[in-house]
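This report covers disulfides and aromatic ring pairs. The model comes first, the details after.

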Amino acid sequence: MARTRTQGEDFTFVNPVVKYLLFLFNMLFWSISMVMVAIGLYARVMKHAEAAMACLAVDPAILLIVVGALMFLITFCGCIGSLRENICLLQTFSICLTLIFLLQLVAGVLGFVFSDKARSKVSEIIDSAIVHYRDDLDLQNLIDYGQKQFSCCGGISYKDWSLNMYFNCTLENPSRERCSVPYSCCLRSTEKVINTMCGQGMQDLDYLAAEEYIYTNGCIDKLVNWIHSNLFLLGGVALGFAIPQLVGILLSQILINQIKDQIELQKYNSQHRADPWY
């Protein structure tokens, strides 16, 4: 006669709430990662090949693709690992999240401690973006938005726009925009029609004369001042990034421990099934 199953054999250490909560958590960010990759690929394909290769390091589309692909791989491990109760995938997911969290923490501390070097690096990035301003429409829109939002022009000053081949002030420059600055540097006007040529010849003027028409202060100082005045907001954003990572790490570790306990229970049951006194 077949032996009836005992209540102990039906018991499981794996909590379905933890398991499916981790699965839904990863599924949400997995979907977001696919959208990011799709947007990045679409933006990349729609660009001219020459423009895409010219500013590869500062292309926002590349950033979307890289971050989206990384998030896709990590959340894929979390999704499948939680659904299949696979310890290897869950540990990979947990380790990756921990490393990303630590890297963000280290980057924040280093950026605060070595603020001068961080400022120099930001200056290099802005200078590179200025050089490729006309090569990439997405980058151009991003720079224009930043200059209008922070009421600034260039990296250190409006004369930084001489780094761009179209705005360069050398006599050999045949461009009609020679010694000019983008219209986003111009002081805000109440006119409905935007004068895109308002920055014409502004680099030929000194600071006092130019400030009557354009923003002469660089965006780096404006950005630093904005950071100092919005530390609580930035702290909240950083916390918003950290909490999902910590939640993912915590849930994965709880599920890993529960799966290990369940494996031990199964081993114990299999060892005692042949025991007639069991």
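## Disulfides and ring pairs

With 90° about the S-S bond, the disulfide of Cys152 and Cys219 is right-handed. The pair links distant parts of the chain, 67 residues apart. Cys152 sits in the loop between helix 7 (137-150) and helix 8 (207-210), while Cys219 belongs to helix 9 (residues 219-229). The S to S distance is 2.0 Å. This is a predicted model, and all values here are computed from it.

Cys152 has 0% relative accessibility and counts as buried. Cys219 reaches 14%. That still counts as buried, because the cut-off is under 20% relative accessible area.

How many disulfides does the structure hold? There are 4 disulfides. Counted along the chain, the bonded cysteines follow the pattern 1-8, 2-5, 3-4, 6-7.

| Disulfide | S to S distance | Torsion about S-S and hand |
|---|---|---|
| Cys152 and Cys219 | 2.0 Å | 90°, right-handed |
| Cys169 and Cys179 | 1.9 Å | 135°, right-handed |
| Cys186 and Cys198 | 1.9 Å | about 105°, right-handed |

Take the Cys169 and Cys179 link, with sulfur atoms 1.9 Å apart. Both cysteines lie in the loop between helix 7 and helix 8, so the pair ties together parts that are 10 residues apart in sequence. Cys169 is partly exposed, with a relative accessible area of 23%. Cys179 is buried, at 1% relative accessibility.

Next comes the disulfide that joins Cys186 to Cys198. The torsion about its S-S bond is about 105°, so the disulfide is right-handed. Cys186 and Cys198 are each in the loop between helix 7 and helix 8, 12 residues apart. Cys186 is buried, with a relative accessible area of 9%. Cys198 is partly exposed, with 22%.

The cut-off for a disulfide is within 2.5 Å. Cys79 is buried, at 3% relative accessibility. Cys96 is in no disulfide either. For Cys96, the nearest cysteine sulfur is that of Cys77, 6.5 Å away. Cys96 counts as partly exposed, at 26% relative accessibility.

On to the rings. The count comes to 9 aromatic pairs. One of them is formed by Phe72 and Phe76, with 6.4 Å centre to centre and 15° between the planes, and this pair is stacked. Both residues lie in helix 4 (residues 60-84), 4 residues apart, about one turn of the helix. Phe72 is partly exposed, with a relative accessible area of 27%. Phe76 is partly exposed too, at 38% relative accessibility.

The rings of Tyr133 and Trp161 have their centres 4.9 Å apart and their planes at 80°, so the pair is edge-to-face. Tyr133 lies in the loop between helix 6 (115-131) and helix 7, and Trp161 in the loop between helix 7 and helix 8. The pair therefore ties together parts that are 28 residues apart in sequence. Is Tyr133 buried or exposed? Tyr133 is buried, with a relative accessible area of 1%. Trp161 is buried as well, with 0%.

Ring pairs also build a cluster: Trp30, Phe72 and Phe76 are linked in this way.

Notes: Residues numbered from 1 in each chain as written. Predicted model: local features only at pLDDT ≥ 70, side-chain atom pairs only at ≥ 80, totals over all residues. Heavy atoms only, no water. Helix = DSSP H or I, 4+ residues; strand = E, 2+ residues; numbered from the N terminus. Buried < 20%, exposed > 50% of the residue type's maximum accessible area, 1.4 Å probe, protein only. Phe/Tyr/Trp six-rings, centres within 6.5 Å; stacked < 30°, edge-to-face > 60°.
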